[in-house]
Amino acid sequence: MILRRHLIALLSGAAAWPLAARAQEKRRIPRVGVLWHAGSAAEEGPLFSALVDGFRALGYIDGQNIILEHRFPNEMPERFTSMAAELVSLNVDVIVSSGNNAAAYAKNATSSIPLVLMLISDPVGTGLVESLARPGGNATGISFFTSELIGKRLEFLREAVPGVSRVAQLVNPLAKISRLYRDLTKTAAAQLGLTVERFEVRSREDIEPAFEAMTRAGMQGVVTNADGLAYAQRELIGQSALKTRLPAVVFMRETLVPGTLLSYGVDSLAICRRAAAYVDKILKGAKPGELPVEQPTKFELLINLKTAKALGITVPPLLLSQADEVIE
């Protein structure tokens, strides 16, 4: 009788093994938080698609062998704070942050969950990592390198529009990176003999009035900072620049929309796809503090001749010859 009860117990336990194994397998599916900056996946547009494609290329399918927890703060500080905290409370395995605002809020929210920084300007100067070679702490990723290109953008504007001397800088003061952009732009402008005046925009509603203020102030061109608001509102910025007849210089291909004149920057979609590879390494055991921060090595100059024609600008042949792509 005792032997029979022992056998039944063993059989019952064996029957439970597949259930336990399945439960354990289910728990092993990694959960990755993504803190964006815009208000939706549609507003993130190609950046959102590029990150998902990056995971897919590595064999990760959302809902099957990975769970992607996307959060969209819509450039609102209180939502950055709450959504970063929410991802931490979900105990995600990794957090991917898009842009300096998202990175700063994610960094403040956790010192233990690994962070993959995506589209980040000056990660060392902003205190996100200790160094590019050995980031230390819980963060690593790919530098956007856009702040380092501010001087070249101003230089290209001066070449495209000979005689330009007064340039507007479109600034979102809520962006944590705005002070760095302000200082670098001021220094670069002085070296090129340009005068720069700042025009602040905190939301979509501020953009058209800001451009109207630029024309009243006698501005002859405008540069945009590489922040989330400038990306999310790229279409309206292009429309406003064209309406006020201000040649606009932007920071990446996706922001070179109808109405903007030229762009100089890195391949942002490649950075987003590459971020998935960093997540993959961390999920397989790599420590973020020991993964070097990558820097882009390829930069592209894009010129929109449709906008130039609409503004009555004849782009010098020498500048056209330097362009990686000319939109006609």
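In which hand does α4 pass α5 in their crossing? The crossing of α4 past α5 is right-handed. The model is predicted.

**Helix pair α4 and α5**
- Helix α4 spans residues 77–89 and helix α5 spans residues 99–109; their axes come within 9 Å and cross at roughly 50°.
- The angle of roughly 50° therefore makes α4 oblique to α5.
- On the α4 side, the contact is made by Pro 77, Phe 80, Thr 81, Ala 84, Ala 85 and Val 88.
- On the α5 side, the contact is made by Asn 101, Ala 102, Tyr 105, Ala 106 and Ala 109.
- By class, the residues of the contact of α4 with α5 are nine nonpolar and two polar, with no charged residue.

**Leu 119**
- Leu 119 is not a glycine, yet has a positive phi of about 60°.
- Leu 119 is placed in strand β4, which covers residues 115–120.
- Leu 119 counts as buried because its relative accessibility is 6%, and buried means under 20%.

**Asp 122**
- Asp 122 also has a positive phi, about 45°, although it is not a glycine.
- The location of Asp 122 is the loop between β4 and β5, where β5 is residues 139–143.

Key:
Residues numbered from 1 in each chain as written. Predicted model: local features only at pLDDT ≥ 70, side-chain atom pairs only at ≥ 80, totals over all residues. Heavy atoms only, no water. Axes fitted to C-alpha atoms, helices over the stretch in contact; angles between N-to-C directions. Helix = DSSP H or I, 4+ residues; strand = E, 2+ residues; numbered from the N terminus. Parallel < 35°, antiparallel > 145°, perpendicular 65-115°, else oblique. Left-handed = near helix turned anticlockwise from the far one by under 90°. Contact = heavy atoms within 4.5 Å. Nonpolar A, V, L, I, M, F, W, Y, C, P; charged D, E, K, R; others polar. Buried < 20%, exposed > 50% of the residue type's maximum accessible area, 1.4 Å probe, protein only.
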